[in-house]
Amino acid sequence: MNSLPDSSSIAPLSGNTASDTARVVRLAPESELRIEVEFGYSLTLKLIEGVAEVFGCEIIVGREYRFSGQKLGVFTWQAAGGADYVADDTPMPIFLNIHTALEQRRATAETMKTSGPRVVVVGAHDSGKTSLVKLLLNYAVRQGRQPMFVNLDISEGGVTMPGTVSAVMVDQPIYPEEEFGSLGLDLTAAGGSGAPIVYHYGFDTPNENTKLLQRLVGHLADTVTARLVEDDDARQSGLIIDTHGCADHNEFELLMHIIKSFSADVVLVLGHERLHSDLLRAFQQQPQSNISILKLTKLGGVARRDKSFRRQSQVRKIREYFYGHPGNCELSPFSLVVGFGDVNIFRVGEEHLVPSSALPLGADRKAGGTRLVAIEAGDILLHSILAIVDAAPRSASTAGAGDSTNESQTQDEEDFLVLANVLGFVYVSDVNSAKRKMTVLAPSATRLPSNRLVMGVFKWAETV
Ligand SMILES: Nc1ncnc2c1ncn2[C@@H]1O[C@H](COP(=O)(O)OP(=O)(O)OP(=O)(O)O)[C@@H](O)[C@H]1O
């Protein structure tokens, strides 16, 4: 039935071939095989017969799927047989019930020409939020829906880079190997109704700049709502929103802001008893709110990822942005030489993040945290990931680093740019301060789509 080498027989990339350790595993109905593959190892999965899925995406009989640095469950509803090395304490029947209830709301929205469910998935770290989001999106797509996926889990990057918040309409499955990368987004297509909406936050935890994150969430919610007004299918399919793990009070405030900004009507709370009761209490005080808050226990299968595994996942995400997914969709990035005078570089205006070597040019630090400050290009950029953001409308007349003498005009632009859509990213592979030039890795050989670049905390040495 299902041919699945399990995690105990993973072949090192440089070592044995998969055939040395291949094993056939039979899955009973409603059971799953849990697989954990560390970075530096790979595992090939092939379905011999039957029907199985990974986070709601059906896998194809006979095709080889290769995983590395990933943890996943291969689930079957129907297959019969023994149950070696598999788990039957799976939450899938509960998730299917949730999907069915959401689908009923979508059908009603279609008939009544209203909006579909607006679902937020919240919970503890490593409780399975992203996995549930993928599953609900995949099930909706299998049903012919086009839900909006909103990613507010800034540490993972969703459809693009870590350190961003984004929204994209999903009309194709999220394949298990490439995960969200399989949606194959073209950020430079920004503007069209199907184009992703991406804003740059620049950090990988909410606490680093909660005020900025709240501002971006509010802005993203407004943009998504405006987009849905024009798109009946997406509006009736609704939203599925992934969030960062909630551990403290700050994060609770942020979750409340997310729920309110997106007018969420379904909140799924995974593995976090206290968060569930805090949310219930908060919404009991607002009896007019029409919201369902459901508690789901964190069930077996969801794997813990330590700091190093998470960091390696981020690095892979960054690499895949430029090079694509090995074997499936490989990309060839280009090296471009960019003069310091040809670009304007900004950074989020947190004082402690701006070293004295990168003092802002006439910037207003008093505004504190939720705007950008212009910084001087130089060695500080080496190995940084820079977001290319849509230039401010007025910028055509003020282009060029440091040419803005009008302080209030500079401040307007800094305020505008923090909310500007991200058009893509470059990686700074070399800086030559003496010649006032830097070399960047870019996904395309054409000129950068904007000369406004924003620096976050993410550094990546390409050799990693
Ligand atoms: N049934 C399963 N079997 C094996 N691994 C699983 C299963 N379900 C989820 N995982 C893995 O467990 C890990 C954690 O799950 P997930 O990313 O969904 O949690 P999360 O709550 O979104 O985490 P975060 O704290 O980053 O927000 C992931 O690597 C995921 O692929």
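**Exercise 1. Work out the order of the strands in the open sheet, and say how they pair.**

Step 1. This is a predicted model, and the open sheet in it has 4 strands, running 3-8-5-6 with antiparallel pairing.

Step 2. Now look for the edges: strand 3 and strand 6 (57–58) each pair on one side only, which puts them at the rim.

Step 3. Zoom in on one pairing. Strand 5 (residues 53–54) sits antiparallel to strand 8, and the two share 2 bridges. Pick glutamate 53 and you'll find its bridge partner in strand 8 is phenylalanine 75.

**Exercise 2. Find which side chains put a polar atom by an oxygen atom of the ligand, and how much of the ligand the protein buries.**

Step 1. Start with glutamate 156: an N or O atom of its side chain is 3.0 Å from a ligand oxygen. Histidine 125 brings a polar side-chain atom to 3.3 Å from an oxygen of the ligand. For aspartate 153, the figure is 3.5 Å, again to a ligand oxygen.

Step 2. Next, the cover. On its own the ligand would expose 640 Å², and the protein buries 94% of that.

Step 3. Trace where the shell comes from. Strand 3 (31–37), strand 8 (70–76) and helix 3 (129–142) are the elements that each supply two or more residues.

**Exercise 3. Describe the make-up of the shell around the ligand.**

Step 1. Of the 21 residues around the ligand, the nearest are Lys71, Asp126, Lys129, Thr130 and Ser131.

Step 2. Check the domains: domain 1 (2–87) and domain 2 (92–296) each contribute at least three residues to the shell.

Definitions and conventions: Residues are numbered from 1 along each chain as its sequence is written. This is a predicted model: local features need pLDDT of at least 70, side-chain atom pairs count only at pLDDT 80 or more; totals for chains, interfaces and linings use all residues. Side-chain values use heavy atoms; hydrogens and water are left out. A residue is near a molecule or strand if one of its heavy atoms lies within 4 Å of it. A polar contact is a pair of N or O atoms within 3.5 Å; within protein, one must be able to donate a hydrogen and the other to accept it, and residues adjacent in sequence count only if both atoms are side-chain atoms. Accessible areas come from the Shrake-Rupley method with a 1.4 Å probe; for residues, only the protein chains shown count as cover. Ala, Val, Leu, Ile, Met, Phe, Trp, Tyr, Cys and Pro count as nonpolar, Asp, Glu, Lys and Arg as charged, and the others, Gly among them, as polar. Domain bounds come from an automatic or database domain assignment. Two strands pair if DSSP finds at least two bridges between them.
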